[in-house]
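Here are my notes on this model. Please read them alongside the coordinates.

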Amino acid sequence: MSRIASDVQLMLRRPPRQQYAALCYRPRKKQGGIEILLLTSRDTGRWVIPKGWPMAGKKSHTVAEREAWEEAGARGKISRDPIGYYSYAKGMEGGLKVACRVQVHALEVKEMTKDFPEKGMRRLEWVSPEEAAARVREPELKVLLHAFAEKTAGALTKPKNPVEDR
């Protein structure tokens, strides 16, 4: 009987809904490495990165770039290719939870605009990658933040002249 219940549960499970996110970062000038921009969600106040639903006629990286501006006022250079993915359960109105898969694009922030659509609705903070990973709840996002910081730190410390490598 439990096997039948399990099979029915699997048949009724819907595939995860797709979202697109921007991992906003900037180099730290004095200490080296990078900082990550986190913001609070409007409903629960938990720490998140800017993300949103697909938009008709827009590519995933363009959606991520737009969400970064709408939610945090961040503008910069977005990666066309995703740097990773994470999953979470989005709470909807009425208490329903929907499984979501989030495709993440890196956005090197060049400017923080003073006026943006969700200004005043969220708290924004620049934090170290370690602090960002400690604040977010999603385990896969924690791993992604650590991996991105390691990869980016290596790229930022590489010599500009290839002759120096020899």
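1. A term before the details. Strands here are DSSP runs of E with at least two residues, numbered from the N terminus. On that basis, A74 falls in strand 5, which covers residues 74-78. Keep in mind that this is a predicted model.

2. Overall layout. The protein chain holds four helices and eight strands. Read from the N terminus, the order of elements is α-β-β-β-β-α-β-β-β-β-α-α.

3. Burial and surface. The protein chain has 166 residues, and 38% of them are buried. Its accessible surface is about 10600 Å². Carbon and sulfur atoms contribute 52% of that area.

4. A74 in its setting. Is A74 buried or exposed? Its relative accessible area is 1%, so A74 is buried. Setting aside neighbours within four places in sequence, A74 contacts C24, L37, A68, W69, V109, E111 and M112.

5. T152 in its setting. T152 sits in helix 4, residues 139-157. Why does T152 count as buried? Its relative accessibility is 10%, and the cut-off for buried is under 20%. Which residues does T152 touch, not counting those up to four places away in sequence? They are Y25 and I34.

Technical notes
Residues are numbered from 1 along each chain as its sequence is written. This is a predicted model: local features need pLDDT of at least 70, side-chain atom pairs count only at pLDDT 80 or more; totals for chains, interfaces and linings use all residues. Side-chain values use heavy atoms; hydrogens and water are left out. Buried means under 20% relative accessible area, exposed over 50%, partly exposed in between (1.4 Å probe, protein chains only). Contact means heavy atoms within 4.5 Å. Accessible areas come from the Shrake-Rupley method with a 1.4 Å probe; for residues, only the protein chains shown count as cover.
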